[in-house]
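Please read the following explanation with the sequence and the model side by side.

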Amino acid sequence: MIFCKNTNTALFYSSINDIPTNTWKTLNCENNVYFHKDFLKSIEKNHPEITFSYIVLVDDHEIPIAFSSIQIVNFYMNSIQNDFDFLKNLGKKLRILKDNIPLKLLISGNTFVSGEHGVFIKQNQDKQKVILALAKAINHFVNSNKNLKNSIDAFLLKDFVNESLFITDELKNVSYNPFSVEPNMLLNIDENWQNFDDYLAAMKTKFRVKAKKAFSQSTLIKIEEITSENIENQIIEMTALYKKVAANANFNLGTFNLETYKDFKAKFGEKYILKAFYLQDKLVGFMSGIINNTSLDAHFVGIDYELNRQYAIYQRMLYAYIEIAINKKLKTINFGRTASEIKSSVGAIPQDLTMYLRHKKSITNRILKLFLQRIQPTPFQQKFPFKTILKTNENK
């Protein structure tokens, strides 16, 4: 637990439980599940290796106007994989990253979910001023604590969409460096799709055949609900499958504790999606996600890679997400990052994301800026599986 003295513009909390009920009511942010105290509490409770803190920004009348979730993590060089190998070399040259010594990273954002889930700003606020106030509050938070001041190496504000950059680019004025990361893959659900057959009918022949082949390959797989009552019996096998997927990721800020699912199911019920994929009573995969207003957001999956190609496990999962979204009359599916090409083959389109990074050492930060400008998302071949371009949500 970290104690930080409040300022005229910012209040600091070491636990979700410390934030007063009236603050939540005034912020009115819990319609977004990622700013719901139960969601944040579940993440906090199940990840003791992460230091959690929360910042509430207030106006001149001490009324809450914004909220940010802060996590302090140890970032290890071996968590950078594949196409990001040059970052390892950069880290060594700048003496930022060492094999056995982690980078102490302060993150504003959700460590485990991609997207704009780190900063909530109330309506009718000057958002550019608010984002600068947040950067100032983060500085105060670190500099007012001797241990943090000595240990924090860098600051990361993560996952802003292009529409927000006119706000977040204010961070450049306080030495944060923007860089592009892997995009979110989003599928807009056509309002005319009443069932999965309508989705298939909207596809070009080539992609419809591909979908039917995946269903044929996965005929022997049984998909079952994971509930609060049966999750305990499956959590060990699920964790093993999840770790196989996480090990293949280019970039990990932390390892998700699947025990969190127990809280999610208890607190969000049917809004939290958990499904198990069985092949002859053997768990070969699982999928997870949450319904956030009119969106189905895919979370972590687990896959038995040795059987994936033969039984089209992952592709069948993608279609399962689509079936759920259509049946529940949702507008979008947020498939998240990674595996962009196969996600585009089921109709998802990329949503660009930008992060902002600042190293505490000014000289290192200036050098870092030059290298971050070189970072580009891994290229992939965008597929266009539909006969006609889908309407966007704004047009619905």
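In this predicted model, Asn293 sits in the loop that joins strand 10 (282-292) to strand 11. The phi of Asn293 is positive, near 60°, although the residue is not a glycine. Most residues other than glycine have a negative phi. Ala339 is another non-glycine residue with a positive phi, in this case about 50°. Its place is the loop between strand 12 and helix 13 (340-345).

The next topic is helix packing. Two packed helices are described by the angle between their axes and the distance between the axes. For helix 8 (residues 205-217) and helix 12 (residues 313-327), the axes come within 9 Å and cross at roughly 110°. Angles of 65 to 115 degrees count as roughly perpendicular, and helix 8 and helix 12 are therefore roughly perpendicular to each other. On the side of helix 8, the contact is made by Lys210, Ala211, Ala214 and Phe215, and on the side of helix 12 by Gln315, Arg316, Tyr319 and Glu323. Sorted by class, the residues of this contact between helix 8 and helix 12 are four nonpolar, one polar and three charged.

Now turn to the open space. The second largest pocket holds about 1,300 Å³. It is lined by 41 residues, and those closest to its centre are Glu116, His117, Val161, Ser164 and Gln351. Several strands and helices give two or more residues to the lining of this pocket, among them strand 5 (119-121), helix 4 (127-143), strand 6 (154-161), helix 6 (165-168) and strand 7 (177-188). Strand 11 (295-303), strand 12 (332-334) and strand 13 (349-359) are also among these elements. Which element supplies the largest share of the lining of the second largest pocket? That element is strand 13, with five residues. By class, the lining of the second largest pocket consists of 14 nonpolar, 20 polar and seven charged residues.

The rings of Phe160 and Tyr356 are 5.9 Å apart from centre to centre, with 65° between the planes, an edge-to-face arrangement. Across the whole structure, the search finds 26 aromatic pairs.

The largest cavity holds about 50 Å³ of space. Its lining is made of Phe39, Ile43, Phe112, Val113, Phe256, Tyr261, Phe264, Tyr272, Ser288, His299 and Phe300.

Leu40, Ile43, Phe52, Tyr54, Ser69, Gln71 and Asn110 form its lining. At least two lining residues come from each of helix 2, strand 2 (51-58) and strand 3 (64-75). By class, the lining of the second largest cavity has four nonpolar and three polar residues, and no charged ones. Ile43 lines the largest cavity and also the second largest cavity.

Conventions:
Residues are numbered from 1 along each chain as its sequence is written. This is a predicted model: local features need pLDDT of at least 70, side-chain atom pairs count only at pLDDT 80 or more; totals for chains, interfaces and linings use all residues. Side-chain values use heavy atoms; hydrogens and water are left out. Axes are lines fitted to C-alpha atoms, for helices over the stretch in contact, and angles run from 0 to 180 degrees between N-to-C directions. Helices (H or I, at least four residues) and strands (E, at least two) are DSSP runs, numbered from the N terminus. Angles under 35 degrees count as roughly parallel, over 145 as roughly antiparallel, 65 to 115 as roughly perpendicular and the rest as oblique. Contact means heavy atoms within 4.5 Å. Ala, Val, Leu, Ile, Met, Phe, Trp, Tyr, Cys and Pro count as nonpolar, Asp, Glu, Lys and Arg as charged, and the others, Gly among them, as polar. On a 1 Å grid over the protein atoms alone, a cavity is a set of points where a 1.4 Å probe fits but cannot get out, and a pocket is an open set with protein on both sides within 12 Å along at least five of seven lines; lining residues have an atom within 4 Å of a point. Grid points are joined across faces, edges and corners, and a volume is the space filled by probe spheres set on the points. Rings of Phe, Tyr and Trp (its six-membered ring) pair if their centres lie within 6.5 Å; planes under 30 degrees apart count as stacked, over 60 as edge-to-face and the rest as tilted.
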